[in-house]
Amino acid sequence: MAEEKSQASSSKMLTLKASDGVLFEVELNIAKEMKTVQAYIDDCEDIETIPIPNVLGKHLAIVIEYIKKTNEEYDAEFEKQWNMDDLQLLLLAANYLNISGLQECLCKAIAKRIENKSPEYVRKVFNIENDHSPEEEAKLRKEYKWAFEGVDKD
Amino acid sequence: MEIPGNNDDAKGTLFHLQVTSRTGKKVKKKKKKKKIEQNSDLPCDVLDIISEKLDLDDLLHFSGVCKSWRVSHKIYWTNFLASQAPLLIEIWCDKHSKPSYSFRSLPDQKVYWWKMDQKCFRPIEYFTYSGGYFIMGKDNNSLMLINPFTRINKVINTSSTFQVNLGCHALLAFGKCSQEFVFVVLGGWPKSLHVYQSRNCGWVTYPTMENVGKVIDFVVLHNIIYVVTDKANIGVLSLNSANIKFLKLKSTPNITPNPGFKPHLALVNCDEQLLLAHFKYFEIKDVYKIDFSTMSYVKLKTLGDNALFYSWDKSCYSLSNPNKWGYERNYVYVSSLSRVEVSVYSGDDKKCTPFLTPDESHSYTHSFTLDWCFRHVRYEVDYSLVE
């Protein structure tokens, strides 16, 4: 990601409009890290304000900050600040905006948090309904007896 | 190395078949935090990326979440275990925690993690992978067989026969159409050949005959266990008595051991043919085919449409049609401590080039390559075939 920009292009600013109307002015090279935005710019070169309908202002702010500051150290500390809900929403944002680095970082973080957790915990995290019958559930636990031992308490 | 387009190996698309299990009813607001959408369901491709970062146990937990995830998981596992693509088994040792094992696919560098729950098993040493099972030392008196993918495990006590120590080599084979198994082990001190049969619940030590040499490797071919000695003599292991019937073969290669080093000979089942591979350190020297029609060794000029995979002092495997899986035909891949050495087998042009170096970006401090894992290989023996 070499940031060699001529004076002219690095000073060009773009406005991103979050779903709740919050506006962000960002430099072009920052905006271009979001491949979705890049595609937008490619389509219509003169655009100045780009709507981001799927992302709330507070999350867009975090995403932009990430792009500006990302490096190994920052990434390692970054994910610790957010709770699971925010992580998922940030991941949805990163997915929509098509920022592979952030997506990877957030996926790693979520994977780390569901490591060694029970299926019930995972259900709560992803908001999934358990449609197993009690008999099926018992059978599952029996089949994978060793895997379920030593699981962290929820 | 190109990864072929139509790779049958199920890579990562665990949630490919996910159907959302939620019905149309409203999402219960369990938490006070607002969600911008009715459901914050992460899309399948994102769930796939997350699942790729989970180890094998966590993937199992994932499968317990709901019916559709269980179905996806089952399909994933069936494909995973049927895959012919070789995996490299590595052990990662972090100063601060217990060692973990990983299965790495070299062409695409995809890694499957397995943190063995040491509370349950406490193994001390990895010996080998055979017939779908990790063979590990549990303590000085027992060996443990554990299937890393299904967690089926069995502990076999050896105290009456031999002490488990460094450098055990083993082979696990199942009785044809039965639940019985045969466990062949080179172990103890001095190293001897011991065979455990589940149908007898006991160990038998096979005596060494000095003139034919000491057994150093074994393989199953056509439901029979063949062994080879350090003098390149090949015999059939009897399962009904402590006997090895050595074959009378012509043109036995003259394996002169280097002083101080025993020769590295390995038997290979290559497409239902018996091969003998001769290694010198991490390089392949020669490969011979045992021609049963003429009862002689025939030195091979080429491996044809096969590649060989070897791990020092462990088993040697062959992979047919290797290009399909991202490997080269007529090549030999040898895993050694922290690298995989690759050499081409043909004539004198046997260059050795390191292929894989440890992944330095990982937080673990050290990794060692242990062995090759061929998931789909399962050995079967027919008790009636050998006297």
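Two strands are taken to pair if DSSP finds at least two bridges between them, and helices (H or I, at least four residues) and strands (E, at least two) are DSSP runs numbered from the N terminus. In this sense, strand 9 (residues 181-187) and strand 10 (residues 192-197) of chain B run antiparallel and are joined by six bridges. The model is predicted: local features need pLDDT of at least 70 and side-chain atom pairs count only at pLDDT 80 or more, whereas totals for chains, interfaces and linings use all residues. Residues are numbered from 1 along each chain as its sequence is written, chains are lettered from A and ligands numbered from 1 in the order in which they are written, and side-chain values use heavy atoms, with hydrogens and water left out.

## Sheets of chain B

The loop between strand 9 and strand 10 contains B:P190, and the peptide bond from B:W189 to B:P190 is cis, with omega near -5°.

A further open sheet in chain B has four strands in the order 16-17-18-19, with antiparallel pairing. Strand 16 and strand 19 (296-299) are its edge strands, each pairing on one side only. The twist in this sheet averages 30° from one strand to the next. Seven bridges join strand 16 to strand 17 in the antiparallel sense, and B:A266 has B:A277 of strand 17 as its bridge partner. Strand 18 (residues 283-291) pairs antiparallel with strand 19 over four bridges; here B:D291 has B:S296 of strand 19 as its bridge partner. Strands 18 and 19 form a hairpin with four residues between them, and B:M295 in the turn has a positive phi of about 50°.

## Backbone exceptions in loops

Most residues other than glycine have a negative phi, and most peptide bonds are trans. A:N127 has a positive phi of about 60° although it is not a glycine. This residue lies in the loop between helix 8 (119-126) and helix 9 (134-143) of chain A, and at 11% relative accessibility A:N127 counts as buried. B:D271, also not a glycine, has a positive phi near 55°. B:D271 lies in the loop between strand 16 (264-270) and strand 17 (273-280) of chain B and is exposed, with a relative accessible area of 55%.

Chain A has ten helices and three strands, and from the N terminus on its elements run α-β-β-α-α-β-α-α-α-α-α-α-α. Buried residues make up 43% of the 154 residues in chain A. Of the contacts in chain A (heavy atoms within 4.5 Å) with a separation of 6 or more, 60% are between residues 24 or more positions apart.

Two packed helices are described by the angle between their axes and the distance between the axes. Axes are lines fitted to C-alpha atoms, for helices over the stretch in contact, and angles run from 0 to 180 degrees between N-to-C directions.

| Helix pair | Axis angle | Axis distance |
|---|---|---|
| Helix 4 (residues 57-69) of chain A and helix 6 (residues 84-97) of chain A | about 70° | 10 Å |
| Helix 7 (residues 100-114) of chain A and helix 1 (residues 44-52) of chain B | roughly 60° | within 8 Å |

Angles under 35 degrees count as roughly parallel, over 145 as roughly antiparallel, 65 to 115 as roughly perpendicular and the rest as oblique. Helix 4 and helix 6 of chain A are therefore roughly perpendicular to each other. Their contact involves A:K58, A:H59, A:L60, A:I62 and A:V63 of helix 4 and A:D86, A:L89, A:L90, A:A93 and A:L97 of helix 6.

Helix 7 of chain A and helix 1 of chain B are therefore oblique to each other. The contact is made by A:Q103, A:E104, A:C107, A:I110, A:A111 and A:I114 of helix 7 of chain A and by B:V46, B:I49 and B:I50 of helix 1 of chain B.

Technical notes
Buried < 20%, exposed > 50% of the residue type's maximum accessible area, 1.4 Å probe, protein only.
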